[in-house]
Amino acid sequence: MKVIVTGGAGFIGSAVVRYIIEQTNDDVLVIDKLTYAGNLESLDNVSEDKRYRFKQIDICDRNALDTAILEFCPDVIMHLAAESHVDRSIDNPAAFIETNVIGTYTLLESTLAYWRTLDENKQANFRFHHISTDEVYGDLHGTNDLFTEKTPYSPSSPYSASKASSDHLVRAWNRTFGLPTIITNCSNNYGPYHFPEKLIPLMILNALEGKPLPVYGNGQQIRDWLYVEDHARALYLVATKAKIGETYNIGGHNEQKNIDVVNLICDLLEELFPNKPQGINHYKDLITYVTDRPGHDQRYAIDASKIYQDLGWKPQETFETGMRKTVLWYLKNKDWCERIKDGSYARSRQGIIK
Ligand code: NAD
């Protein structure tokens, strides 16, 4: 198969690309604008493979998309390109509307034009897989409910509202134009190559530098965590096996309070890296409560029973095994983190874009 992965230089996209190159015989074309969140160094392990290609394209650029898609002739498009950080969506919503809404619309139009050129058999086998978030469902605060595929949309932040919009567009292009689409909505991911502004890598890296560990509000917000490689495996399964028009929720039944996540990171670091920065007795002493994020959702939790039953997918990592792997990865890959912090990951792109 030939698979286009948009956003393939990002956290989850790069895990999907590594999975496809390492575990299948498929060809991959990564389409990525390389915003601050795109890092080609996350693809170093696979970038020399003959089945891997990369094009620096903004998904809002229709002409560039048309050319790349027609040239590559994909069987599947996995759409992960997005602005993804909630705090940034509060500071600057415009980029989220631009990429997540207009970009998804532009990609759908380009894909539809390509799909219409295919013969009947290829049309029937083609899939457009839109990767989305459980945040479109809003907040489960004060209930024991879980998000199912039928939960009504009720997004809270500019990020989740823009992702909800993109989900609606994808369903409309299926219903109105017959484009064979599938949507997945996943809970919070964690694991290797996660950009250091997100909760888990931020806490690991701050702790190692003896910096404060900033916890929003009282730290009681609940997230349902999934190891990124489990997500990548689920996405490939859905892209290749799910029925057209389906939606799948993906999650690990791993509800954790933010403060418990931070405490676990501190405990793992005490064990795996006891050599603390000068003047620090316990990593937990670095925990600092800061003003809560506006509109902060209190609880997310996924009912993933549909993908378990229909496609036989289950996460392989527990939160404990996944977190241990993650902390070890950040300890072993300080260079990757350093190059993000000092900006050299972006400056080096000129040399590695093929
Ligand atoms: P990320 O921010 O790490 O990566 C996004 C990638 O998209 C980057 O490589 C960036 O350069 C690229 N990109 C941004 N704007 C673009 C544009 N206009 N054109 C082309 N490329 C562009 O995000 P992530 O955490 O890997 O998330 C990937 C997808 O999964 C997103 O759609 C997100 O909504 C969804 N998702 C993420 C999580 C999570 O916990 N991270 C959970 C559920 C769903």
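**Entry 1: strand 5 and its partners**

I began with Met-78 and found that it stands opposite His-129 in strand 5; I keep in mind that I am reading a predicted model. I then looked up the strands behind this pair, and noted that strand 4, residues 76-79, and strand 5, residues 127-133, pair in the parallel sense over four bridges.

**Entry 2: strand 2 and Ile-31**

I turned to strand 2, residues 27-32, where Ile-31 lies. Strand 1, residues 2-6, runs parallel to strand 2 and is joined to it by five bridges, and I picked out Lys-2, whose bridge partner in strand 2 is Asp-27. Five of the six residues of strand 2 are buried, so I described this strand as largely enclosed by the rest of the structure.

Is Ile-31 itself buried or exposed? I found a relative accessible area of 1%, and because buried means under 20%, Ile-31 counts as buried. Leaving aside its neighbours within four places in sequence, I listed its contacts, among them Ile-4, Val-5, Ile-57, Ile-59, Leu-65 and Ala-68. For Ile-59 I also looked up the separation from Ile-31, which is 28 residues in sequence and 8.0 Å in space, C-alpha to C-alpha.

**Entry 3: helix 7 against helix 9**

Lastly I looked at helix 7, residues 199-209, and helix 9, residues 258-272, which pack at an angle of about 40 degrees with their axes 10 Å apart. The two helices are therefore oblique to each other, and I noted that helix 7 passes helix 9 in a right-handed crossing.

Which residues meet where these helices pack? From helix 7 I wrote down Leu-199, Ile-200, Met-203, Ile-204, Ala-207 and Leu-208, and from helix 9 Asn-258, Val-261, Val-262, Ile-265 and Leu-269. I recorded that the residues of this contact divide into ten nonpolar, one polar and no charged.

Conventions: Residues numbered from 1 in each chain as written. Predicted model: local features only at pLDDT ≥ 70, side-chain atom pairs only at ≥ 80, totals over all residues. Heavy atoms only, no water. Buried < 20%, exposed > 50% of the residue type's maximum accessible area, 1.4 Å probe, protein only. Contact = heavy atoms within 4.5 Å. Axes fitted to C-alpha atoms, helices over the stretch in contact; angles between N-to-C directions. Parallel < 35°, antiparallel > 145°, perpendicular 65-115°, else oblique. Left-handed = near helix turned anticlockwise from the far one by under 90°. Nonpolar A, V, L, I, M, F, W, Y, C, P; charged D, E, K, R; others polar. Pairing = 2+ DSSP bridges.
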